[in-house]
Amino acid sequence: MRPDPDAKPASFSRVTITELMIPSYANFGGKIHGGILLSLMDKVAYAAASKHSGAYCVTVSVDTVDFLQPVEVGELVSLKASVNYVGNSSMIIGIKVISENVMQGTVKHTNTCYFTMVAKGKDEKPTQVPKLILESKTDVRRFVEAIRRKKYKQEYSSFLEKLKISSGNEDDSNIL
């Protein structure tokens, strides 16, 4: 079997964005607002997905956003994104967020999450993305974990749908 000439290695689309956390990003508790971090995660996911696909990409879902430690004003935040899995038009992007206090010389892992992005063509419809070439054991591990995460997400969605139907109330607009 010949390799796909359009396929791209996982290393091709790895992206890091670093930004200084300023006072206007702080919440009422004096920590960096989670929404600011989510916005930055969306940017880095877009950068990795569009780099891999060569197309405009949209966010379809955000999974497992874990805020592990707070981020402080004055810290440098680096968001590292990698295309971990590709389907036909979708890509799963893994993101790791690192916060660095340059005055103290400390570094901490603050967030991990996974974005599903879909490439769009000029007609605004989903478009085929290049296959992913796995170059290392880490790439293979991330690929397999993404498949498992995708499977569990589908099973969970199916479970929730069955639960809604079995409750006899398909209109749950008055509750979450």
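I began with the lining of the second largest pocket in this predicted model, and I find that its residues divide into six nonpolar, three polar and four charged, where Ala, Val, Leu, Ile, Met, Phe, Trp, Tyr, Cys and Pro count as nonpolar, Asp, Glu, Lys and Arg as charged, and the others, Gly among them, as polar. A pocket here is an open set of points on a 1 Å grid over the protein atoms alone where a 1.4 Å probe fits, with protein on both sides within 12 Å along at least five of seven lines, and lining residues have an atom within 4 Å of a point.

I noted about 220 Å³ of space in the second largest pocket, a volume being the space filled by probe spheres set on the points, which are joined across faces, edges and corners. Of its 13 lining residues, Ser61, Ile92, Thr116, Lys150 and Lys153 are the closest to its centre, and α2 gives the most to this lining, with four residues; helices (H or I, at least four residues) and strands (E, at least two) are DSSP runs numbered from the N terminus.

I then looked up the largest pocket, which holds about 250 Å³ of space and whose lining has four nonpolar, five polar and seven charged residues.

Lastly I followed β4, which pairs with β5 in the antiparallel sense over ten bridges (two strands pair if DSSP finds at least two bridges between them), and I see Ala81 bridged to Ile95 in β5.

I record that residues are numbered from 1 along each chain as its sequence is written. Local features need pLDDT of at least 70 and side-chain atom pairs count only at pLDDT 80 or more, while totals for chains, interfaces and linings use all residues, and side-chain values use heavy atoms, with hydrogens and water left out.
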